[in-house]
Amino acid sequence: MSECRICKSSLHKIISFGKMPIANAFLEESQFSSEHFFELACGYCEKCFMFQLIDQPTPEIMFHDEYAFFSQTSKHMCNHFEGVANKLISLTREDPFIVEIGCNDGIMLKHVASKNIRHLGIEPSGNVAKIANSHGVSTVSEFFNSSTADTILSKNGTADIIYSANVMCHIPDIPDLALGVVNLLSDDGRLIFEDPYLGDILEKTSYDQIYDEHVYLFSLHSVSQAFGAVGLELINCEHLDTHGGSMRYTLAKSGVYPVSSNVRQYLDYERRLGVNRIDPYVEFRNNCERSKKALRQLLQQLKENGHKVAGYAATSKSTTILNYCGIDSSLIDYITDTTPIKQGKFSPGMHIPIVPATHFSESPPDYAFLFAWNHLKEIMAKESNFDGNWITHVPEVNIFQGELA
Ligand code: TYD
């Protein structure tokens with residue numbers, strides 16, 4: 001039996017998605033034979049309530065100088081992070097110091113930098129860190145941990161805000177990170193982070209949020225336990241529509257701020273959902289298997305009827321769907337994506353060609369599988385000329401028309 005990464009209790013294996021490649025490792029044909037695979041499986045800890053990956057490839061295999069995810073590919077996300085920057089600034093006093101763990105291409109911090117506010121982005125993927133730098137964002141290309149935190153502290157003093165978006169759930173050694181955070185934060189500082197929310201994942205069967213990078217699927221229950229261990233208290237939470245349903249958690253040193261009523265409300269919701277018991281996870285596994293069967297049946301039927309199906313957006317999430325459901329280029333002709341570094345390459349594991357957006361408009365399919373379902377509104381507005389059908393798998397496998405979205 002494996003052990004919980006947080007509290008070291010034994011972990012209950014819930015689901016295996018089988019042999020899985022690295023979600024963002026889009027590759028060339030010459031690399032097919034050396035592709036890295038691991039078993040993507042999740043376990044649940046009954047003691048600290050953390051739903052987590054059992055095995056995770058080493059960070060250096062996932063985050064490097066050819067990392068293929070750039071935050072600024074979505075307009076909606078650009079607006080979201082400009083709003084975050086303004087909100088963080090409004091929470092601080094004179095001469096604040098704002099640190100972001102995993103600043104990616106500087107999508108949020110560039111708005112802090114442009115106001116000449118002291119800041120630092122920690123971004124281990126060198127290529128995206130360079131882009132952040134080019135936007136005037138001070139960055140260090142390293143992994144955040146207790147020792148990086150000590151270095152930042154000695155060079156800059158304490159941080160008023162430590163922020164992170166869609167990054168905390170990537171970091172396996174949360175106990176060490178939490179130690180770094182608590183040492184770096186000022187006495188009235190806040191740790192604010194947002195990640196895909198377990199409640200949405202269970203309710204929508206959005207199993208595609210599970211891939212190598214997402215080592216944790218957080219809930220209020222598990223976040224309180226993991227950070228409570230170093231004396232950080234959950235003082236607020238806000239549900240967000242990003243990434244198909246996320247939660248923003250605010251934590252501070254125990255007793256410094258009152259706990260908002262949102263925290264109590266969401267803890268109640270989680271108890272009703274049962275995130276603190278094993279049975280909803282078993283039900284999730286059954287729902288994933290049902291979803292896989294329905295999706296394969298639909299795609300096979302469309303193919304038998306002579307329809308052309310394409311994928312829309314080569315998301316990290318699509319790697320889990322394609323490999324778990326065994327969907328290759330015999331069922332999906334191509335995947336269109338706006339990210340130049342992905343174009344001309346092949347999808348991890350299933351090796352479906354990735355093509356630019358022009359290909360989608362010039363050679364439209366009869367059906368487009370919306371892998372970026374979390375960007376539904378933005379994509380429907382952009383693709384109003386597409387008169388084929390859309391396919392989604394959340395919350396159920398379904399076909400829909402663009403104008404109905
Ligand atoms: P996202 O859901 O953020 O991806 P992930 O699952 O990796 O977190 O979607 C980002 C990807 O979707 C990125 O490869 C760009 C692509 N994309 C498009 O191709 N067209 C679009 O209109 C949008 C919004 C995204």
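Which helix supplies the largest share of the shell around the ligand? Hold that question for a moment. First, a word on the source: this is a predicted model.

Now the answer. Helix 13 gives the largest share of that shell, with 3 residues. Helix 13 covers residues 376-382. Helix 11, residues 316-325, also supplies at least two residues of the shell.

Let's look at the shell itself. There are 19 residues around the ligand. Five of them come nearest: S316, K317, D337, K342 and K382. Sort the shell by class and you get 8 polar, 6 nonpolar and 5 charged residues.

Start with K317. A polar atom in the K317 side chain sits 2.6 Å from a ligand oxygen. Move to D337. Here an N or O atom of the side chain is 2.7 Å from an oxygen atom of the ligand. Then T338. This time the backbone takes part: a polar backbone atom of T338 lies 3.0 Å from a ligand oxygen. How much of the ligand does the protein bury? On its own, the ligand exposes 560 Å², and the protein buries 97% of that.

Please follow the strands in order: 14-13-12-15-16-17. That makes 6 strands in an open sheet, with mixed pairing. Which strands are at the edges? They are strand 14, residues 354-355, and strand 17, residues 398-401. Each of these edge strands pairs on one side only.

Stay with strand 17 and its partner, strand 16. Strand 16 spans residues 389-392. The two strands run antiparallel, and 4 bridges join them. They form a hairpin, with 5 residues between them.

One more element: helix 10, residues 279-304. Which strands does helix 10 lie across? Four are listed: strand 12 (309-312), strand 15 (367-370), strand 16 and strand 17. Against strand 16, helix 10 runs at about 155°.

How values were computed
Residues numbered from 1 in each chain as written. Predicted model: local features only at pLDDT ≥ 70, side-chain atom pairs only at ≥ 80, totals over all residues. Heavy atoms only, no water. Near = heavy atom within 4 Å. Polar contact = N/O pair within 3.5 Å; in protein donor to acceptor, adjacent residues only side chain to side chain. Areas by Shrake-Rupley, 256 points an atom, 1.4 Å probe, with all protein chains shown as cover. Nonpolar A, V, L, I, M, F, W, Y, C, P; charged D, E, K, R; others polar. Pairing = 2+ DSSP bridges. Contact = heavy atoms within 4.5 Å. Axes fitted to C-alpha atoms, helices over the stretch in contact; angles between N-to-C directions.
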